[in-house]
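Student: I would like to learn how to read strands, sheets and packed helices in a model. Could we go through them slowly, one feature at a time?

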Amino acid sequence: MGHWIGGAPVVDGGSRDAPVHDPATGRVTGRVALASAAVVDGAVAAARAAFPAWRATSVSRRVEILFAFHQLLVEHRDEIAAVVSAEHGKVLSDAAGEVARALECVEFACGIGQLLKGGYSEQASAGVDVHEVRQALGVVACITPFNFPAMVPLWMIPNAIACGNTVVLKPSERDPSASLVVARLLQEARLPDGVVNVVQGDRVAVERLLEHPDVEAVSFVGSTPVARHVYESATRHGKRVQALGGAKNHMVVLPDADVDVAADAAVSAAYGSAGERCMAVSVLVAVGGVADPLVEAIRERVVRLVVGPGDDPASQMGPLITAEHRDRVAARVGTAADEGATLVVDGRVVPEGAAGGSGGFFLHPTLVDHVRPEHTVYREEIFGPVLSVVRADTYEEAVGLVNDNPYGNGAAIFTRDGGAARAFEVDARAGMIGVNVPIPVPVGYYSFGGWKSSLFGDLHVYGPESVQFYTRTKVVTTRWPDPATSAVDLGFPRTR
Ligand code: NAD
């Protein structure tokens, strides 16, 4: 897999590449080029060259291209889902869901005419009017993680280009192909060459983008240590940055909650996509007497989950992204037991006849009870099919766990008590809250982002905040004076 620069595939003649795997079999299915700084420079130059004409392209024409792109995404959604599943491992229905959520972001960008409107104040002073315009920044770098290889680039690209910017996307080297399908479809939608470019690569490409003088802004999604580094480095180089990091999402279940509803939600949110979602529920906080029946209801569901290749319609959960990651997650399960937690279901034990012996990167769902905040499995983002249950005596204790956690992406509460739900909404220190919704990913016309170590920067990704991120405002003060009344006045201009 190569790059896409200036509207054409670029085969990298460089010396560095990396294997791409089918996580369901463990087999190497291709090799992805790892861009050098020179290749990155070429992509940024293409984006910079495309910027003046793209910025000057009418809003209507940009929107027409986005509508065409939307249609192409709809027509090619199965192809994209298959590409995602083949390299990421998630099951096809889950990959199709990723494309569906990406479509929302394109739909939002199609309304950019409304969103770019500035304000106008007539007669701000006598005969003086003031208006505000939003202008594109220039070249924007988008750096994305492995876990949503189609959706996360499409959290960024539609709004970035709708606002008149040009883009260099650096997708994850683990599953690089979806980005190339997106680039091809954008071209089919008549996006001018160079407006969106893709460089495949690793940290070498990222470092060059962070320091490149022609990159104006960086949108990053990935793990917290890298997000922090991206934020610090790119801001040091004078860029505007939004860097979304990792998560440890808590789902609080109050004693009055419906146990079956809560169990269904917890299992769906913890094990979907093998837990490799930044909005996955990884901690369940069971309050009071709900703990025992809830853990049992979750256990019953977990042991019935079907784990297998993503392209098998019977599979509910696929493999993890790499063998190393699978082994790391499995090691954390072992540590949890060593530190005193209870393994209710141990996913390292492959059930009879189940997938896992095929050479793929499988780990079966794991349920850990009696986890305490000092346990490693609680402190770290595991990013695998592991649900930790922490028992709390009171609502206050539960919300304290949410608020003391260094991450603050999503948090959910399950209850039938509206007052308690409202208190949680007010109290919880996280950017996205679910009330009886375990994965509260905002719809495309709101914005997505966490608090604390889940976001470096201030503006969230997609939705209205991304229009702010991808534009800078300019305020214009206008007067059409009557020459007859014109005079020299050295005083500071007054409005009264
Ligand atoms: P990652 O941080 O390893 O990689 C993200 C991107 O950064 C990739 O493009 C990668 O090539 C690059 N990168 C990796 N190491 C780097 C380094 N040392 N220097 C510079 N660049 C580097 O993340 P991942 O493993 O691909 O994705 C999983 C992580 O992403 C999880 O922590 C998950 O919570 C997080 N995530 C967060 C959100 C969110 O919205 N907050 C969404 C999806 C994923």
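Student: How many bridges join strand β13 and strand β16, and in which sense do the two strands pair?

Tutor: As a general idea, the strands of a sheet pair through backbone hydrogen bonds, and the pairing may be either parallel or antiparallel. In this predicted model, strand β13, which covers residues 281–287, and strand β16, which covers residues 386–392, pair in the parallel sense over five bridges. If you want a place to look, find V287, which stands opposite A392 in β16.

Student: What is the order of the strands in the open sheet of seven strands?

Tutor: Reading across this open sheet, the order is β14-β15-β16-β13-β12-β18-β19, and the pairing is mixed. The edges are held by β14 (342–345) and β19 (432–435), each of which has a single partner strand, so one side of each is left without a neighbour in the sheet. Neighbouring strands of this sheet are turned against each other by 20° on average, with direction ignored.

Student: Which strands stand at the edges of the open sheet of three strands?

Tutor: In that open sheet the order is β5-β6-β22, with antiparallel pairing. The edge strands are β5 (120–125) and β22 (471–479), and because each has a single partner strand, one side of each is left without a neighbour in the sheet. Here neighbouring strands are turned by 30° against each other on average, again with direction ignored. Looking at one pair in this sheet, strand β6 (residues 128–136) and β22 are antiparallel and share nine bridges, and E132 stands opposite V475 in β22.

Student: What do β3 and β4 form, and how many residues lie between them?

Tutor: These two strands form a hairpin with six residues between them, and in the turn G26 has a positive phi of about 85°. Strand β3 (residues 17–21) and strand β4 (residues 28–33) run antiparallel and are joined by five bridges; to find your way, look for D17, which stands opposite A33 in β4.

Student: Now I would like to turn to helices. At what angle do helix α3 and helix α4 pack?

Tutor: The general idea is that two packed helices are described by the angle between their axes and the distance between the axes. For helix α3 (residues 77–88) and helix α4 (residues 92–109), the angle is about 120° and the axes are 8 Å apart. The two helices are therefore oblique to each other, and their crossing is right-handed. On the α3 side the contact is made by R77, I80, A81, A82, V84 and S85, and on the α4 side by L92, A95, A96, E98 and V99. Sorted by class, the contact of α3 with α4 has eight nonpolar, one polar and two charged residues.

Student: Are α4 and α6 roughly parallel or oblique to each other?

Tutor: The axes of α4 and helix α6 (residues 151–162) come within 9 Å and cross at roughly 10°, and α4 and α6 are therefore roughly parallel to each other. In this contact E98, R101, A102, C105, V106 and A109 of α4 meet M151, L154, W155, P158, N159 and A162 of α6. These residues divide into nine nonpolar, one polar and two charged.

Student: Which residues make the contact between α10 and α11?

Tutor: Let us begin with the geometry: the axes of helix α10 (residues 259–271) and helix α11 (residues 291–302) come within 9 Å and cross at roughly 50°. They are therefore oblique to each other, with a right-handed crossing. The contact is made by V259, D260, A262, A263, A266 and V267 of α10 together with P293, L294, A297, I298, R301 and V302 of α11. By class, this contact has ten nonpolar, no polar and two charged residues.

Technical notes:
Residues numbered from 1 in each chain as written. Predicted model: local features only at pLDDT ≥ 70, side-chain atom pairs only at ≥ 80, totals over all residues. Axes fitted to C-alpha atoms, helices over the stretch in contact; angles between N-to-C directions. Helix = DSSP H or I, 4+ residues; strand = E, 2+ residues; numbered from the N terminus. Parallel < 35°, antiparallel > 145°, perpendicular 65-115°, else oblique. Left-handed = near helix turned anticlockwise from the far one by under 90°. Contact = placed C-beta atoms within 7 Å. Nonpolar A, V, L, I, M, F, W, Y, C, P; charged D, E, K, R; others polar. Pairing = 2+ DSSP bridges.
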